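User: I would like to learn how to read the architecture of a model like this one, going from sheets to helix packing to domains. Could we take the features in turn?

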Amino acid sequence: PEVCVIGLGYIGLPTAAIIARANCQVTGIDVSDHVVDTINRGEIHIEEVDLDGLVQGVVQRGTLRASNQIVPADVFVIAVPTPFEKDGQHTPDTSYVMAAATEVAGVLKKGDAIILESTSPVGTTEAMRDLIAGLRPDLRMPGQTSDIPDVAIAYCPERVLPGKILEELTHNDRSIGGITPRCARKALAFYKRFVRGACITTDARSAEMTKLVENAYRDVNIAFANELSMISDHMGLDVWEVIKLANRHPRVNILQPGPGVGGHCIAVDPYFIIHGAPEHSPLIRTAREVNDTKMRHVIAQARDLIAANPGFSVACLGLAFKANIDDFRESPARFVAASLAREFGDRIRIVEPYAAQLPPEFAGTGAALIDIDTALENCGILIALVDHDVFRVIPPEERSGAIVYDTRGIWPDAADAPGVNRLRLAS
Ligand code: SAJ
């Protein structure tokens, strides 16, 4: 089939490339001329393991091309962002989805399939169907008529992990939620072309909720770990030791505390559930609050440590939202480091091997980007904010003498190694 993938971001581009590799003719649509031009040169505008070679290959073979104009196709895959509205209330903004659906409606023909992949509040796929029905009264819509519909509409969320996107796009199981069972079967036949994991069909609303639930589940579990870390600080316990021991129980598996929860999914999607059922989601809401509180707790602890050691310069290790990636969006590490830079100016040094320069909010603070060796030589305080492997492997003797605040638990030896300052705060 001919396939049109709308939105060429972190999900849309790898998805388009994998579909193109499965010998479908794919047109990727994006509003950005820069993105379109980059892809048509066989290059990529985002960092993701092995994506460059794959995109180069499918563009050269002619199975993927990018455009800023929608084209007729047999299958439309919508992978545009669903951010919050700017109302400060964490209200989901589905306007990009609806704008994409409007574009699709303009070229839609009998027999086509539309699949929404964007993380969306429950009911969005049906709302999209209603929008298209209004724009195209000539077509019979699924779930609205007892006759066989002219088009299929389904919701199929991605569940890939940044840094492993290509592998997970192929191997993860997928939930495929049709507006009707017939729609689900049609979408299933499409995903079977390039997904090796199990594809499970369901209804659209259940599939929408499943995606939100997966990320809320992780947020709640990280909140448990972060709450334990703050309780442990209060009681003078080493949280890493407590979690390590508790996890030896066969039915306990506590996640890792950190400086808060970042990225554009785990810290966002729970609000889509809260917004849909505010009276019935106290646990999910509280988890969000706990994870946000943890970030402020880390800032307060770091601030006390820095203020108590006025002669020392400080190395903040990491800006990314999680380990081993170059994604700095919604990153608690970045927020903590910027907050310290605003307060302590040129005493703050940043080490981030995945960044070529500091993000804009550091401008004028006096903070500087340095490499890890310089930090280990010159900084009396080390604050580990991201668990990049390059930080994890720093041997104890190179950290010795420094005051260490390890918010990620990457140096389990730090409290005991000879010569290491004992002021390792459990975070
Ligand atoms: N984190 C902790 N402690 C942990 C695990 C994670 O503090 O034990 C933090 C990370 O440092 C990061 C944040 O949580 O700041 C989120 O990282 P993550 O690795 O948990 O998740 P993401 O945002 O990279 O990807 C998630 C994944 N969802 C789940 O694991 C349920 C991924 O499968 C989804 O596809 C993705 O969200 C998405 O796009 O929704």
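**Sheets, helices and domains**

Analyst: Let us begin with a helix on a sheet: helix 4 (residues 95–107) lies across strand 1 (2–6), strand 4 (75–78) and strand 5 (113–116), and its direction makes an angle of about 165° with strand 4. Please keep in mind throughout that this is a predicted model.

User: What is the order of the strands in the open sheet of 8 strands, and which pairing does this sheet have?

Analyst: As a general idea, the strands of a sheet pair through backbone hydrogen bonds, and the pairing is either parallel or antiparallel. Here the 8 strands form an open sheet in the order 3-2-1-4-5-6-7-8, and the pairing is mixed. At the edges are strand 3 (64–67) and strand 8 (199–203), each of which pairs on one side only. If direction is ignored, neighbouring strands of this sheet are turned against each other by 25° on average.

User: How many bridges join strand 6 to strand 7, and in which sense do these strands run?

Analyst: Strand 6 (residues 152–155) and strand 7 (residues 174–178) run antiparallel and are joined by 2 bridges.

User: Which order and which pairing does the open sheet of 5 strands have?

Analyst: That open sheet is ordered 11-10-9-12-13, with parallel pairing. Strand 11 (368–369) and strand 13 (403–406) each have a single partner strand, so they stand at the edges, and one side of each is left without a neighbour in the sheet.

User: Which strands does helix 11 lie across?

Analyst: Helix 11 (residues 282–308) lies across strand 9 (314–317), strand 12 (381–384) and strand 13, and runs at about 175° to strand 13.

User: Are helix 8 and helix 10 parallel or perpendicular to each other?

Analyst: The axes of helix 8 (residues 204–235) and helix 10 (residues 269–276) come within 8 Å and cross at roughly 110°, and the two helices are therefore roughly perpendicular to each other. Their crossing is left-handed. Helix 8 contributes Leu212, Asn215, Ala216 and Asp219 to the contact, while helix 10 contributes Asp269, Pro270, Phe272 and Ile273. These residues divide into 5 nonpolar, 1 polar and 2 charged.

User: What is the handedness of the crossing in which helix 8 passes helix 9?

Analyst: Helix 8 passes helix 9 in a right-handed crossing. The axes of helix 8 and helix 9 (residues 239–246) come within 9 Å and cross at roughly 130°, and these helices are therefore oblique to each other. The contact is made by Ala225, Leu228, Ser229 and Ser232 of helix 8 together with Val239, Val242 and Ile243 of helix 9. Its residues comprise 5 nonpolar, 2 polar and no charged ones.

User: Finally, into which domains is the protein chain divided?

Analyst: The protein chain is divided into domain 1 (2–197) and domain 2 (239–406). Taken over C-alpha atoms, their centres are separated by 34 Å. Domain 1 provides 9 residues to the contact between them and domain 2 provides 10 residues. The side of domain 1 that touches domain 2 has, by class, 4 nonpolar, 4 polar and 1 charged residues.

Notes. Residues are numbered from 1 along each chain as its sequence is written. This is a predicted model: local features need pLDDT of at least 70, side-chain atom pairs count only at pLDDT 80 or more; totals for chains, interfaces and linings use all residues. Domain bounds come from an automatic or database domain assignment. Two residues are in contact if their C-beta atoms, placed from the backbone, lie within 7 Å. Ala, Val, Leu, Ile, Met, Phe, Trp, Tyr, Cys and Pro count as nonpolar, Asp, Glu, Lys and Arg as charged, and the others, Gly among them, as polar. Axes are lines fitted to C-alpha atoms, for helices over the stretch in contact, and angles run from 0 to 180 degrees between N-to-C directions. Helices (H or I, at least four residues) and strands (E, at least two) are DSSP runs, numbered from the N terminus. Angles under 35 degrees count as roughly parallel, over 145 as roughly antiparallel, 65 to 115 as roughly perpendicular and the rest as oblique. A crossing is left-handed if the near helix is turned anticlockwise from the far one by less than a right angle, and right-handed if clockwise. Two strands pair if DSSP finds at least two bridges between them.
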